[in-house]
Amino acid sequence: MDKKTLTELDYYRIRDTIAGYCVSQEGTGFLKTREPYTNSADIEKLKQYGRQWFIYLQSTRQPALSSWPEIAEIIPILKTEGATLSQEQLYALALFCISVKKVTGALDSAEKELKVQQISAAAKSMPLLDKPYAEISRVLDTNGTLKDLPELRVIRAAIAGYRRDIANLMHKYTSDQSLSSVLESNVPAYRADRQVLAVHANRRNVISGIIHEVSQSGQTVYIEPDDIVRKNNDLVQEEFHLQQEIRRIFRELTAKLQPYAPLFSEALPIMLELDASCASAKWGIENNCVFALPCSAAESETSEQSTGNTISENSSDREPPLLLQARHPLLGNKAVPVDIPFMTGKHILIITGPNTGGKTVTIKTVALFALLNQSGFPVPAAEGTRLPVFENVYADIGDEQSLEQSLSTFSGHMKNIAAAVREADSRSLVLLDELGSGTDPQEGGAIAMAVLDTLIGSGAFVLVTTHHGILKNYGYTHPSCINASVDFNDSTLSPTYRLVMGVPGESRALDIAQRSGLPPSVTAIARSYIANEQADVSALIKGLTAKHAELDRLRQEFDKKETQINEKQRQADLRELRLRQKEQELKEHGYRESVQFLEESRRQLENLVRTLREGEITHEKAVSVKQYISLLTDTVQAQGNRLQEEETTLARDQAEMDRQSAKEKAAIKSERKNEKKRLKNAEALAAAKSPVQIYETQSPVKLTFKPGAEVLAGMARRHGVLLHQERKGLWSVQFGNIKMSVRQKDLTLIPPSQINNIKPTVTVDLAENDEDKNSSIDSGFPGNKPLFELRLIGMRCDEAVKMLQRQLDLCTMQNFHEFSIIHGKGSGILQQAVQDYLSHYPGVSEFHFAPPEDGGTGKTYVRMF
């Protein structure tokens, strides 16, 4: 990409700021050379590193990276045969080994807990540097100081001895009272790293030695006595010996480290990448940034297969870019967050509005975000921000006037625009600030539209700012364009820096001119020159702006209500889950009680059988057997009574929940007055009250349950005849050629006088309107076998209930225990009808919605007895 464009967009300033967060100088230098990538795979890899560093840095763990000196220039020396590294260079390699080990261990320990697999894998891919670190540690301590090695200890002891001898000789001279008039000072001086005596010049012959220096005044000479000269010579020789030995040690250590040079070369780029990605995460956390999502799944998939530097992808396949709460990073706390939601198929954004309203900042923010994203950096925006990948960015921003190159403002703009028109393609981003300005408005507008026509043909993504009214109309009439404007506060006559999509803006030049100090009399004259047509356009724009604000308010209300509905649905699902858990607990409890009862009954029965077998059957034994049978019967009956009480309690609780649900639905309906009214199954049953119910209220005859009595069963009001009572509250009923067990509370006795007026089955129509109620129902069913999955989507309520009734009858006749119903969600009418019918069908054991992954509330599982 063009460096001039990157500079104009402040990319290098932000990049260098992020580089300052690196822990190493090498990492800083490495990051300062980064340019935006065009390979999506490389970009997503860097962003994934940054996301995982986000997680690690926001945890309570210790920093994983530690600083190390520059080693890039040391590695070539290490590879050179016979080379010798200095003590500082060896210590730099040791610190690098420590940093590698620290980051590898820290990320490995946090990998599973924090889910930082990618950066942990990168750290673990570095070679182990324990052996070269052990070699260096044998010579240098943790502070980089040379250790007291045995081969150095003797030499250092000799040096210390010579220094003591010199100190003693000096003390002898300075403490001699006979020399007090000879010496200028009793404190030895140093000249050329050797100890000397300051002697009066006129008494220099008293002390035999070498004169090293004479003072400026000539009154003092600095003499090194002969006996000290010999000791100093020995000291210098021994210190030279020490340096020779140290160089030998370093030379041998360098030779031992030479085989490990490839390991350092392999580890350094990975450490630089980790340091750079960690720095971008630190900057992102400090500036409340996020990593942008890619603009399409296709782009991500293509990037994984790409081996080149670019990705071939048609811009029409991309998801549109989306910027949420975007803030230009250089504005800091002054930045006003802006949302920029682009639309599918609209790749030309024309921004209009007042001067100083933020038009140029907006397009520069979009471009800067794209460049930061393609460098693997986070962007100051909210989660959900989505950005595409561009191969090139072209920009015409600011005044390109140049006296040296004989360029006017207009020709400077045209030079930049010409380059964009020639080279831009579907993978390019083009910024055109104040398009068509700097020349005659009519000709400038014509050139601007021609440029946009050409860029639309190339498929480039274009961001335009302008004051030309003709371009506003162009944005409305062209399908690839969308208008936008920067908002303006009429009361304060100042911009709000908020971007309004879909609506062009007024320039408000007169208001801003007056606010900037132009006399009101001048602006009044200017207003008088504005034609009526212009006033009409301004009124139109104001009307569009007001309608856009109203739509925005309605959208926010809709989002709020949707959130409330989702929360209610979540609570309903939670209640359902708790009920299922409670049901399971009750089943387990009942099973345990049954097992216990069975075992106890078996023991008692075995005792009775044993008693009967022993001897003759007596009256007492017969009475004992009868008592046992009576006790067993009473126990079973008591359990039945308890179950009946629990069913009553559950029914009461269910009724309470239904009332609460009805209240919630009524509240929603009152808020949405224009929504179509729904007729629930219960209301339909009340509206279509069967003749039997009327006869029940009119009949004075007292009816009793007994074999042979005719009844209606369940919500479907199926006609049947009582056969016999199986136990208290449970009857065996004959429905045509089907015999079923039905609870007494689900049965309705038919008065004898009205038996001939009762149809076998009362069908209740649940259609949504009168026209549907008059329509006929096709009762056909696919085959004579029940289905594993009954699909009712697209049917009317009466058709669906008919199909469901047929399915349940077949399940009952053929002992088919489980199946599912797909009724969809829709407006909820069909779902409610299915639930109501199942709740009253005597052969249904239980039913519940499917899990979210299998259809949720659009599908119901049914289990038969």
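Helix 15 is followed by Gly459, a residue with positive phi, near 80°. Helices here are DSSP runs of H or I with at least four residues, strands are runs of E with at least two, and both are numbered from the N terminus. The model is a predicted one, in which local features need pLDDT of at least 70 and side-chain atom pairs count only at pLDDT 80 or more, whereas totals for chains, interfaces and linings use all residues. Residues are numbered from 1 along each chain as its sequence is written, and side-chain values use heavy atoms, with hydrogens and water left out.

Helix 15 covers residues 441–458, and its 18 residues should span 26 Å at 1.5 Å a residue, in agreement with the 26 Å between its end C-alpha atoms. The expected span is 1.5 Å times one less than the number of residues. Gly444, Gly445, Ala448, Val451, Leu452, Leu455 and Ile456 of helix 15 are buried. Viewed down the axis of helix 15, the buried residues fall within an arc of 135°, so they line one face of the helix; the arc is that of the directions from the helix axis to the C-beta atoms. An α-helix has 3.6 residues a turn, so residues three or four places apart point the same way. On the other side of helix 15, Gln442, Glu443 and Gly457 are exposed. Buried denotes under 20% relative accessible area, exposed over 50%, and partly exposed the range in between, with a 1.4 Å probe and protein chains only.

Glu434 has a phi near 55°, a positive value in a residue other than glycine, and is partly exposed at a relative accessible area of 22%. A positive phi, near 50°, is also found at Gln325, again a residue other than glycine. Gln325 lies in strand 6 (residues 322–326) and is partly exposed, with a relative accessible area of 35%.

Helix 24 (residues 797–813) contains 17 residues and reaches 24 Å from its first C-alpha to its last, close to the 24 Å expected at 1.5 Å a residue. Of these 17 residues, 12 are buried, so helix 24 is largely enclosed by the rest of the structure. The buried positions are Cys797, Asp798, Ala800, Val801, Met803, Leu804, Gln805, Gln807, Leu808, Asp809, Leu810 and Cys811. Just after helix 24, Asn815 adopts a positive phi of about 55°.

Two packed helices are described by the angle between their axes and the distance between the axes. The axes of helix 6 (residues 87–114) and helix 8 (residues 130–137) come within 9 Å and cross at roughly 140°. Axes are lines fitted to C-alpha atoms, for helices over the stretch in contact, and angles run from 0 to 180 degrees between N-to-C directions. Helix 6 and helix 8 are therefore oblique to each other; angles under 35 degrees count as roughly parallel, over 145 as roughly antiparallel, 65 to 115 as roughly perpendicular and the rest as oblique. The crossing of helix 6 past helix 8 is left-handed, a term for a near helix turned anticlockwise from the far one by less than a right angle, with right-handed used if clockwise. Leu90, Leu93, Ala94, Cys97, Ile98 and Lys101 of helix 6 make the contact with Asp130, Tyr133 and Ile136 of helix 8. Contact means heavy atoms within 4.5 Å.

Helix 6 also meets helix 11 (residues 261–286), where the axes come within 11 Å and cross at roughly 60°. Helix 6 is thus oblique to helix 11, and their crossing is left-handed. In this contact, helix 6 contributes Leu93, Phe96, Cys97, Ser99, Val100 and Val103, and helix 11 contributes Phe264, Ala267, Leu268, Met271 and Leu274.

Glu26, in helix 3 (residues 25–31), is buried, with a relative accessible area of 9%. Neighbours within four places in sequence aside, Glu26 is in contact with Trp68, Pro69, Glu70, Ile71, Ala72, Leu268 and Leu272.

The chain has 25 helices and 23 strands, and buried residues make up 40% of its 865 residues. Among contacts between residues at least 6 apart in sequence, 66% join residues at least 24 apart.
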